[in-house]
Amino acid sequence: MSKPEARRIHRDQHGINPEYIDRHARSVIETLLDAGYDAYLVGGCVRDLILRKKPKDFDVATNALPEQIAPLFRRSRIIGKRFRLVHVRFGREVIEVATFRAGADLVDDLETTDAGRIISDNVYGEEYEDAFRRDFTINALFYDIRDDAVLDYVGGFADLQSRKLHVIGDPEKRFREDAVRMLRAIRFSAKLDLTLETDLVNTIKRLSYLLEDQSRARLFDEVIKLLQGGAAVKTMSLMCEFGFVEMLFPPLDQQRLCETLNDCSSLLCRALKNTDKRIRQGKSVTPAFMFAALLWEPVRQRYEELLARRVPPITAMDKAAMEVLERQAARVIVPKRFSVPMRDIWTMQLRLPRRGGRRAFSLLSHRRFRAAYDFLLLRCEVGEEDPALAQWWTRFQEVDETEAVAMVRALQPGKTGGSSRRRRRRKPKTRQANKPA
Ligand code: ATP
Ligand code: MG
């Protein structure tokens with residue numbers, strides 16, 4: 001490939017306000033330039049600045065090698081096995097500095113599997129090669145801080161203006177190299193409101209099976225990004241359209257879930273909507289809560305089946321959770337640090353209705369109370385649980401100690417409200433009281 005020329009888009013055309021460029025990223029680039037290297041802002045941050053969105057992070061690309069970059073900065077570290085890059089730290093912020101690299105199209109000796117999947121891409125390249133090895137045109141723009149120009153080798157600027165998502169190179173080949181790019185297409189399309197052309201949609205549908213043998217841990221990271229991109233409902237609708245729901249989440253009933261997205265009648269859709277709202281408000285969202293909502297329907301159904309077979313409630317919930325998580329792990333593995341709190345959130349749904357004695361107080365101080373309570377609110381919204389229960393808990397959190405005690409007493413007229421474990425144990429268990437549905 002002969003070296004192509006980049007289109008230089010000047011400030012009056014792209015309109016990026018240089019003040020929005022992170023000062024640490026700028027100082028990293030200045031240091032590299034002073035040392036005689038080329039260096040640019042690249043990828044998502046340039047795209048987001050053009051769209052007048054706040055970039056999540058600022059990445060730098062340069063022709064300096066990791067060994068040349070690292071000594072220029074006091075707090076830097078070379079990381080990565082698959083592709084080595086440098087992290088430069090400023091307090092809590094990290095600027096990622098990557099050496100230009102070449103992509104599969106351009107380098108003959110790149111290792112690929114029989115199916116065309118890249119297994120090693122630690123091949124340094126030229127600036128233009130680094131643009132072409134990226135996934136989508138909108139992600140391949142460079143920003144030159146020396147004259148505030150955007151450098152465009154691939155037509156990404158025009159695509160951003162017309163809000164189109166285009167793969168760089170041949171889509172089929174690029175998806176075969178790395179199937180996760182198909183999920184990235186969905187993510188950017190939903191998050192940035194970009195159109196996918198019919199051909200691209202068809203290619204993705206046809207190749208969706210390639211996701212089946214992706215790393216289950218990498219898919220988890222990608223799913224989190226999909227759900228936390230601020231457009232989770234739209235993302236889920238696209239996943240439905242592409243048939244990715246059952247592929248990524250085997251315990252889910254794709255058809256049923258997808259139907260509920262129209263009127264947002266399912267707990268999952270409500271949870272995704274809340275997630276989007278929280279992200280818009282700059283609040284945090286926890287993957288455990290999102291995944292608890294995602295897998296709740298199959299857990300609840302299995303729990304009901306086990307109850308019907310006279311399995312005791314807590315055991316039934318444990319078993320249902322275990323089975324569903326196991327089926328889920330076939331495709332996208334939920335790490336323990338999330339699956340443990342997920343199970344707590346689910347089990348707490350059985351405990352929240354049982355508020356007698358000291359129980360309500362001890363539940364309130366449970367570390368997962370807040371998440372479990374939020375989850376209960378969702379269940380009430382979709383008619384799975386009596387709204388009076390959610391109202392009780394809402395009020396219980398607001399009132400002072402005396403009133404809280406009174407609230408517990410009022411639950412059991414005639415009883416003291418003290419610990420009545422023995423009495424309660426003798427009571428015949430009513431299954432209804434423990435049913436989440
Ligand atoms: P976000 O704002 O969501 O982080 P991003 O575009 O910055 O979006 P990253 O995953 O942070 O996405 O990746 C940074 C850049 O690296 C991308 O903009 C793209 O140019 C390139 N890139 C990332 N993943 C791939 C991939 N699988 N194939 C090719 N290029 C990729
Ligand atoms: Mg990024």
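Contact here means heavy atoms within 4.5 Å. The legends below describe a predicted model, in which local features need pLDDT of at least 70, side-chain atom pairs count only at pLDDT 80 or more, and totals for chains, interfaces and linings use all residues. Residues are numbered from 1 along each chain as its sequence is written, chains are lettered from A and ligands numbered from 1 in the order in which they are written, and side-chain values use heavy atoms, with hydrogens and water left out.

**View 1. W346 and the nonpolar cores.** Leaving out residues up to four places away in sequence, W346 touches F291, A292, L295, W296, V299, M317, A321, L325 and F375. W346 is among the residues with the most contacts inside the largest nonpolar core, together with L41, M236, M239, F244, L248 and F249. A nonpolar core is a set of buried Ala, Val, Leu, Ile, Met, Phe, Trp, Tyr and Cys residues joined through side-chain atoms within 4.5 Å. Buried means under 20% relative accessible area, exposed means over 50%, and partly exposed is in between (1.4 Å probe, protein chains only). This largest core has 111 residues, and helix α15 (residues 287-308) gives the most to it, with 13 residues. Helices (H or I, at least four residues) and strands (E, at least two) are DSSP runs, numbered from the N terminus. A second, separate core has 19 residues, including A360, L363, F369 and Y373.

**View 2. The salt bridge of R8 and D144.** A salt bridge is a side-chain nitrogen of Lys or Arg within 4 Å of a carboxyl oxygen of Asp or Glu. Side chains of opposite charge can pair when their charged atoms come close. In the pair of R8 and D144, the closest N and O atoms are 3.1 Å apart. R8 belongs to strand β1 (residues 7-9) and D144 to strand β7 (residues 142-144), so the pair ties together parts that are 136 residues apart in sequence. R8 is partly exposed, at 34% relative accessibility, whereas D144 is buried, at 2%. The whole structure holds 27 salt bridges.

View 3. R395 and E403 meet through their side chains, with 2.0 Å from N to O. Both ends are partly exposed: R395 has a relative accessible area of 39%, and E403 has one of 31%. Elsewhere, salt bridges that share partners join R256, E297, R300, R379, E384 and E385 into one network. Within this network, E385 and R379 form a salt bridge whose closest N and O atoms are 3.6 Å apart. Both E385 and R379 are buried.

**View 4. The surroundings of T99.** T99 lies in strand β6 (residues 93-99) and is buried, with 3% relative accessibility. A polar atom of the T99 side chain lies 2.8 Å from the backbone oxygen of A64. A polar contact is a pair of N or O atoms within 3.5 Å; within protein, one must be able to donate a hydrogen and the other to accept it, and residues adjacent in sequence count only if both atoms are side-chain atoms. Apart from neighbours within four places in sequence, T99 is in contact with T62, N63, A64, L65, P66, I69, F83, Y124 and D130.

**View 5. Two disulfides.** A disulfide is a covalent bond between the sulfur atoms of two cysteines; the cut-off used here is a pair of cysteine sulfur atoms within 2.5 Å. The structure holds two disulfides. In the link of C240 and C258, the sulfur atoms are 2.0 Å apart. This link of C240 and C258 is left-handed, with -85 degrees about the S-S bond. C240 sits in helix α11 (residues 232-242) and C258 in helix α13 (residues 254-263), 18 residues apart. Both C240 and C258 are buried. The sulfur atoms of C264 and C269 are 2.1 Å apart, and their link is also left-handed, at -105 degrees. C264 is buried, with a relative accessible area of 7%, and C269 is buried, with 0%. With the bonded cysteines of the chain numbered in sequence order, the pairing is 1-2, 3-4.

**View 6. The surroundings of ligand 1.** Ligand 1 is surrounded by 17 residues, the closest being R47, D178, R181, R184 and R187. A residue is near a molecule if one of its heavy atoms lies within 4 Å of it. R47 has a polar side-chain atom 2.8 Å from an oxygen atom of ligand 1. For R184, an N or O atom of the side chain is 2.9 Å from an oxygen atom of the ligand. A polar side-chain atom of R187 lies 2.6 Å from a ligand oxygen atom.
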